[in-house]
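Let's take a friendly walk through a protein model. Have a look at the sequence and structure below, and then read on.

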Amino acid sequence: MSEERKLIKVTIDNITIDVEPGTSILNAARSIGGDVAPPAMCYYSKLKGSGGKCRTCLVEVAAGSTADPRPMPKLVASCRTNVMDGMIVKNITSEKVMDARNGVVEFLLINHPLDCPICDQAGECHLQDLSYEHGKESTRYEFKRRTFEKHDLGPYIQLHMTRCILCYRCVFTADQLTNKRVHGVLDRGDHSEIATFIEKNLDNDFIGNVIDVCPVGALTDKTFRFKNRVWFTKPVDAHCNCSKCCGEVQLWMRGDEVFRVTARKDEWGEIKDSTKGGTGWICNECRFEKKSLKDWVVEGPSVINRHSVISQGHYVDLVTPKETISAVMGGRSPKLLMNIHDESDVNKQNIELSKLNRPAHSDDFA
Amino acid sequence: MQLLTNRAQLVDRKPMTFIERLYLWNIAKGMIITFSHLFKKKPTINYPEQKRPFSPVFRGLHILNRDEEGRERCTACGLCAVACPAEAITMEAAERKNGEENLYREEKYAARYEINMLRCIFCGLCEEACPKDAIYLSETFAPANFQRKGFIYGKPDLLIPHPIEKPEEYKKALGNRVVREVQ
């Protein structure tokens, strides 16, 4: 093979682009961007070997290549199929794909509980978005949903096995980021579950990243559990000098309180590359222990997609009108008839929920 | 100006005659109308003793619902607060501890739930947004108060009485609404 690699042409939804040989259809579609990119629940570009499990990224290949322009007989998983020169792919323009994706979503939701009101992932959940676009209003499943015995994964990570869709992303994360993986998928078929074989804490330095890679609410942050809904917190970009990780994070704040720390995500919901190069995985200390504004240098508000629920209440380019009351009243400020903080029991100044490293309980409000 | 329809009538600006300037007929006409009302049915009622029925779609004071076992339905999902156009609803959630299963329906519940009735516009969007049938607008309105602080309604003000311990009060608070069964 020569050093210079020839780019190959691929047409996805009538948009032709040149990509390097060896690119998967999914990544080629992502380089076009927008609606053309198929959704992916299990594929994670930052994790080697991921993909091929959830089947949400199925696409139709209308012509295999210029050399062999026959269509592929079945829909293919775009995350695991590489492009060929002259390949014609149909994603959203194919009715077959849409129909298949609706079916896949229905299967994913068979055992997924409808507990979005409780789930901390709601609002940033990929399965929620997917079922909003492709799902049915109700289920046709008549049997008991699978349930599991609760596994305790230690003080930081909360596991909800019923919500898991078995994407294996957390397994790959533990394999590739930490030196010893202690959790994995046990059993098989309908019984498969994410667990540690013997009750064991997940306490490796970088194991917190499984929370970020989880596409659903199966693995969530115990220090943030039930504290707030993501759409009531304001995400800001921040960094710190961390010896273990890149230190570039997103803080989810309410007022001056840091409720949650996550890695920064790109438009596909994957962890962004850090400015120092390499994927911006963050360490457990940054994620779980630095819950004070003093630990961070805030860079500014994160850019949030306007269509995301997280952007509610974020008023951009707001021009505050000049306050004229005091000028009219000759320098006096108006008498405050009621200070809401004196009356309200919510957001009491003396209770800082963000400082608790566990979910709040009834006695915290006593 | 050319008239487009024949509905508009030009104002008669002719000077009034002497008879017209006496206004005798106009006064008499007004008095006939006034006295005729003496013999009509009175539209007013004696308010505190008598009350008018509310329309079935009336949106009054909020109630936080309980299920048939008396457990609070609200899980503090925040959808009412995010739907609220007046930003009147605030809440703080907590995790249910062991032994609290008879108090709260789900694993997570609203430890604090407040509606600022000064901000609330009684649009009913919170009721529409609620996935748990936990909040709904009842058939009463917020009582008047001399002070603003009386309008910050917390959970003790909003929660419906316990259906088993206080069945009559529960029935009264529930009103005549048909409550949807939500699982």
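In chain A, confidence is highest in strand E4 (residues 76-77), at a mean pLDDT of 95, and lowest in strand E8 (residues 193-196), at 84. Here pLDDT is the predictor's confidence in each residue, from 0 to 100. Chain A as a whole averages a pLDDT of 90, and 99% of the residues score at least 70. Where pLDDT is low, the predicted coordinates should not be read in detail.

This is a predicted model, in which local features need pLDDT of at least 70 and side-chain atom pairs count only at pLDDT 80 or more, while totals for chains, interfaces and linings use all residues. Residues are numbered from 1 along each chain as its sequence is written, and chains are lettered from A and ligands numbered from 1 in the order in which they are written.

Helices (H or I, at least four residues) and strands (E, at least two) are DSSP runs, numbered from the N terminus.

| Element | Residues |
|---|---|
| Strand E5 of chain A | 87-90 |
| Strand E11 of chain A | 248-254 |
| Strand E12 of chain A | 257-263 |
| Helix H3 of chain A | 126-134 |

E11(A) and E12(A) pair in the antiparallel sense over six bridges; strands pair if DSSP finds at least two bridges between them. Met253(A) has Val258(A) in E12(A) as its bridge partner. Two residues sit between the strands, and Gly255(A) takes a positive phi near 65 degrees in this hairpin. Six of the seven residues of E12(A) are buried (20 or more other C-beta atoms, placed from the backbone, within 10 Å of a residue's own).

Next comes Lys90(A), in strand E5 of chain A. Why does Lys90(A) count as buried? Because it has 20 C-beta neighbours inside 10 Å. Leaving aside neighbours within four places in sequence, Lys90(A) is in contact (C-beta atoms, placed from the backbone, within 7 Å) with residues including Asp13(A), Val59(A) and Glu60(A). Lys90(A) and Ile12(A) are 78 residues apart in sequence, with 5.8 Å between their C-alpha atoms.

Helix H3 of chain A has buried residues too, among them Leu127(A) and Leu130(A). The buried residues of H3(A) pack against helix H2 (95-108) of chain A.

Finally, 21 residues of chain A are in contact with 24 residues of chain B. On the chain B side, E2(B) gives the largest share, six residues.

Conventions
A residue is buried if 20 or more other C-beta atoms lie within 10 Å of its own, exposed if 12 or fewer, and partly exposed in between; C-beta atoms are placed from the backbone. Two residues are in contact if their C-beta atoms, placed from the backbone, lie within 7 Å.
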